[in-house]
Amino acid sequence: MQRELVERARRGDHDAFAVLAAAAISRLDGAARLILHDHDQAKDAVQETLVRAWRDLRTLRDPDRFDAWLHRLLVNSCLNEAKRLRRHHFDVELDPPHTEGGAAIVVDRDELDRGFRRLGPEARAIVVLHHYLDIPMPEVALILGIPVGTSKSRLHRALIEMRASLEADARLGPDLANGGLA
């Protein structure tokens, strides 16, 4: 079904592309928010991704690789957006806890978010692709245009950096880890 939509969109069918975009937009937005940590930048990156996808869809050689190609466009748009603005303002959006022990979940999520924010956009991109979008490492490497070994080592370094941040925060205590804000 998706292959047929991609082929129709490649021939200029706006409706087919709209169906493809609608199916991917929430996944793209979620990934962009995680990579950029800024709602407005994420929206801009997703919009740029979809514009580029429509414009360059005819260059896609294998319609079955549409999702990987779209993720590659998204990562490139996110990295371009991060470079363009180079600002360090991050919005943290936490869902209210819905279960018993919800406070512990919020604390864990907040700690992970602080560690994640300390990563650069390139490191966040590889973590998002593999752990959030659940893309296997060989496909992550294809999306990023790097060898599989390089993608694995970058993911490994990003996770080590996050772990080090979390351990440093734990040694400082919650008040100092939050910048003195309790």
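The protein has nine helices and zero strands, where helices (H or I, at least four residues) and strands (E, at least two) are DSSP runs numbered from the N terminus. The structure is a predicted model, in which local features need pLDDT of at least 70, side-chain atom pairs count only at pLDDT 80 or more, and totals for chains, interfaces and linings use all residues. Residues are numbered from 1 along each chain as its sequence is written, and side-chain values use heavy atoms, with hydrogens and water left out.

Along the sequence, the pattern reads α-α-α-α-α-α-α-α-α. Of the 182 residues, 38% count as buried; buried denotes under 20% relative accessible area, exposed over 50%, and partly exposed the range in between (1.4 Å probe, protein chains only). Contact is defined as heavy atoms within 4.5 Å. Among contacts between residues at least 6 apart in sequence, 67% join residues at least 24 apart.

Helix H2 comprises residues 14-36. Its end C-alpha atoms are only 29 Å apart for 23 residues, short of the 33 Å that a straight helix would reach at 1.5 Å a residue; the expected span is 1.5 Å times one less than the number of residues. H2 bends by about 45° at Ala24, the bend being the angle between axes fitted to the seven residues ending there and the seven starting there. Ala24 is itself among the buried residues of H2, which also include Phe17, Leu20, Leu28, Asp29 and Ile35. The cover over the buried residues of H2 includes helix H1 (2-10), helix H3 (39-56), helix H4 (66-85) and H6.

Ala31 lies in helix H2 and counts as buried at 1% relative accessibility. Apart from its neighbours within four places in sequence, Ala31 is in contact with Leu74, Val128, Tyr132 and Leu133. The C-alpha atoms of Ala31 and Ala42 are separated by 8.4 Å, the two residues being 11 apart along the chain. In the loop between H2 and H3 is His37, which has a positive phi of about 55° although it is not a glycine. His37 is buried, with a relative accessible area of 5%.

In H6, the buried residues are Pro121, Ala123, Arg124, Ala125, Ile126, Val127, Val128 and Leu129. The axes of helix H6 (residues 121-132) and helix H8 (residues 148-172) come within 9 Å and cross at roughly 105°. H6 is therefore roughly perpendicular to H8. Axes are lines fitted to C-alpha atoms, for helices over the stretch in contact, with angles running from 0 to 180 degrees between N-to-C directions; angles under 35 degrees count as roughly parallel, over 145 as roughly antiparallel, 65 to 115 as roughly perpendicular and the rest as oblique.

At this crossing, Ala123, Ile126, Val127, His130 and His131 of H6 meet Ser151, Arg154, Leu155, Ala158 and Leu159 of H8. The residues of the contact divide into six nonpolar, three polar and one charged. In this classification Ala, Val, Leu, Ile, Met, Phe, Trp, Tyr, Cys and Pro count as nonpolar, Asp, Glu, Lys and Arg as charged, and the others, Gly among them, as polar.

Just after H6, Asp134 takes a positive phi of about 60° although it is not a glycine. Asp134 is placed in the loop between H6 and helix H7 (137-144). Whereas His37 is buried, Asp134 is exposed, with a relative accessible area of 65%.
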